[in-house]
Amino acid sequence: MKKKLIFALLVIITTSLMGSSFAVAKIGLEYFSPLLLVGMRFTMAGMIMGTFVLLLKKKHPKKASDWLRIAIVGAVQTAGVMGAIFLSLRTITAGESAILTFTNPLLVVIFGTLLLGIRYRIVQWGGVLIGFLGVFISMGSHVDLEVGTLLAFASAISWAIGTLLIKKWGSLFDIWVLTAYQMLFGGLILLAGSALLENIRLVLNPTSVSILLWLSIPASIIQFAIWFSLLQNGNPGKVSAFLFLAPLFGVLSGWLILDEKIGWSLVFGGALIFSGIFLVNWPEKSPNQETAVKILR
């Protein structure tokens, strides 16, 4: 019972940090231009985490090709996903951005089938259909087709591609090393994008510094540390099934912190998306479990 309570607490902490970062980031846009804020966030997080993996003497890549793979993951997973999210927050709510971004598990099934030939179960395809019905309801009757809507969906596409790249290359690296340096590379790419593409806005005061520190440490390093710890010490399928909580916390934090309105269409569509994500990540029964079920029957 104690282990289950600890597991539940850690799941709530990590998914709430994932979801609430959308609302905090939207507040941060009052003080920073979007790409600058997200670039500073992940460059700082990557440097801090990189220092830890060096001190802990984690195994680092030796080949230039492996470092290139990490840089590509950073370009897609951090620069692509987070850059699109922060840009989307200029025109849509934190809740809407969170819901659209976290459709990525649904896209993983589609891209995994088309690009890698992965075979998924019927329940997972059912989750995809239910999830995209939720997207249609949310976008069609509540979310205006703003540029931010397209950017949030682009972040989901980028996240799905990043997930498949990590699935393909992840076994080559220590997971903490991969996480640290992909954040660092992604952050540096975002800072370069900020310098080239946007009119930089930077207002430094106690509030803006606090937002940057919150996004960099609790919402990045601590959140990643808890999530990967849960994945490593538990059943990855069961752990991933709780990913649906993140967009829920995104909507709730937008309502509580930013006073964003929650329409019925967003509630209903969001519920379908959460259900779809849950089904996509539903763990497959092991042979032992199937045998036990047959015996019980």
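W169 lies in helix 7. Helices here are DSSP runs of H or I with at least four residues, strands are runs of E with at least two, and both are numbered from the N terminus. At 15% relative accessibility, W169 counts as buried. Buried means under 20% relative accessible area, exposed means over 50%, and partly exposed lies in between, using a 1.4 Å probe and protein chains only.

W169 touches R69, I72 and V73, leaving out residues up to four places away in sequence. A contact means heavy atoms within 4.5 Å. R69 is 100 residues from W169 in sequence, yet their C-alpha atoms are 7.7 Å apart in space.

## The model and its confidence

This is a predicted model, where local features need pLDDT of at least 70 and side-chain atom pairs count only at pLDDT 80 or more, while totals for chains, interfaces and linings use all residues. Residues are numbered from 1 along each chain as its sequence is written, and side-chain values use heavy atoms, with hydrogens and water left out.

pLDDT is the predictor's confidence in each residue, from 0 to 100. Its mean over the protein is 85. Of the residues, 90% reach 70 or more. Residues 287-297 stay under 50, and the model has 3 contacts for them beyond four places in sequence. Where pLDDT is low, the predicted coordinates should not be read in detail.

## Overall build

The protein has 13 helices and 0 strands. Of its 297 residues, 49% count as buried. Look at contacts between residues at least 6 apart in sequence: 89% of them join residues at least 24 apart.

Helix 5 (residues 104-116) and helix 7 (residues 147-169) have axes that come within 8 Å and cross at roughly 55°. Axes are lines fitted to C-alpha atoms, for helices over the stretch in contact, and angles run from 0 to 180 degrees between N-to-C directions. Helix 5 and helix 7 are therefore oblique to each other. Angles under 35 degrees count as roughly parallel, over 145 as roughly antiparallel, 65 to 115 as roughly perpendicular, and the rest as oblique.

## The nonpolar core

A nonpolar core is a set of buried Ala, Val, Leu, Ile, Met, Phe, Trp, Tyr and Cys residues joined through side-chain atoms within 4.5 Å. The largest one has 75 residues, and L37, I85, F86, F102, Y181 and L215 touch the most other members. Helix 9 (residues 206-233) gives the most to this core, with 10 residues. Beyond four places in sequence, Y181 contacts G50, V53, L54, H60, W67 and I70.

D66 sits in helix 3 (residues 64-88). At 14% relative accessibility, D66 counts as buried. Its contacts beyond four places in sequence are P61, L172 and F173.

E30 is in the loop between helix 1 (2-28) and helix 2 (34-55). E30 is exposed, with a relative accessible area of 55%. V203 is 173 residues away along the chain, but the C-alpha atoms of E30 and V203 are separated by 8.4 Å.
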